[in-house]
Amino acid sequence: MPSIIDAPLGRGAFEAALRAAGEAWPFEETRFHRLLASGRCPDAILLRYARATYAGAKLFCATLADLADKAPDAAARLVLIENLMEEEGIFLRAEMGLVVRPERRHPALALRFLKACGGDRGADDCGRLHAIGPGRQLLAQGRWLDAVSFLLIGQELTFSHVSACLFDLLRRRGMSGRDLAFFAVHVEADCAHGRQALDLVLDRARTADAQRSCIQAAGEGARHWFEMHNSGASARRAA
C-alpha cells in the first residue's frame, strides 16, 4: 500500500497534522467531563481520578527523565530537562542558582488534590495508567520521536486546555483553588511544553515515513488519554 504521505510535508502542514491528531479526541466528549459538567459525578469516580492523577504525575516525571536520557542530541535533552525541572519544582534564579521548591513539585500538587478528594498517597491507581504506559513502551522500543509525539503532543499539549476546563468544573463543585493548584499550573506550563515538543518533532522527523509515524503516535496518545477519561469505553460519545 502506498504511503499516505508520499513526500515530507512542509513544516506548517506537518505541525497542523500533528495538532489535528492530538485534538481529534476532545475531553468535552468524555464521560468524566459529562459527569462533572452535569454536577452528577460520584465522589468515588472523582477519587479514582485523583488517584490516577497522583500516580500519573509521579510516573510522568520518571518518563521525562527517560526521554531526556535517550534524547538523540544535546538540544533535545536540554528541552526535556527544563520540562522535568519544572515538574520537580526546580527553578533557575539568576541571583541564587537552582532553587528547589518541594511544595511546587507536580506530584506534591497532585497529592494535595488527592487528599482533597479523600484519598492518600498509599493508594496509587497505577493499573489505570494505560494513557502513559504505551508511550513508555514506544520509548523502550527505541522509538524516541514516536514516544515524544505520543506523550508530549498527543497528551501533554492538550492538557493545557483540559486543565483549565477541570479547574473551572471542580471549582464549581466547591473545591478550593489551593486544592486545584495542580490543574492551575498546567494551564500555561503544558502550553509551553507542548510547543517545545512540537518543535522537537518538527525539527527531527525529516522523512515522510517519520512524519507519518509521529502523526499516528500523536493520535494514539490522544486516544488513550480520551479512553482513560471515558472509563475505558472504546466507542466515542458513549451514552
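**Entry 1: the pocket.** I looked up which element gives the most to the lining of the largest pocket, and α7 has the largest share, with six residues. I work on a predicted model, where local features need pLDDT of at least 70, side-chain atom pairs count only at pLDDT 80 or more, and totals for chains, interfaces and linings use all residues. Residues are numbered from 1 along each chain as its sequence is written, and side-chain values use heavy atoms, with hydrogens and water left out.

My terms: on a 1 Å grid over the protein atoms alone, a pocket is an open set of points with protein on both sides within 12 Å along at least five of seven lines, a cavity is a set where a 1.4 Å probe fits but cannot get out, and lining residues have an atom within 4 Å of a point. Helices are DSSP runs (H or I, at least four residues), numbered from the N terminus.

The largest pocket has about 240 Å³, as the space filled by probe spheres set on the points, which are joined across faces, edges and corners. I found 15 lining residues, with Gly 22, Glu 23, Thr 158, His 161 and Val 162 nearest the centre. Besides α7, α1 (11–22) and α9 give two or more residues to this lining.

**Entry 2: the cavities.** How many cavities of 30 Å³ or more does the structure hold? I found three. The largest cavity holds about 350 Å³ of space. Of its 20 lining residues, Gly 56, Ile 132, Phe 159, Phe 182 and Trp 225 are the closest to its centre. Here α3 gives the most, with six residues.
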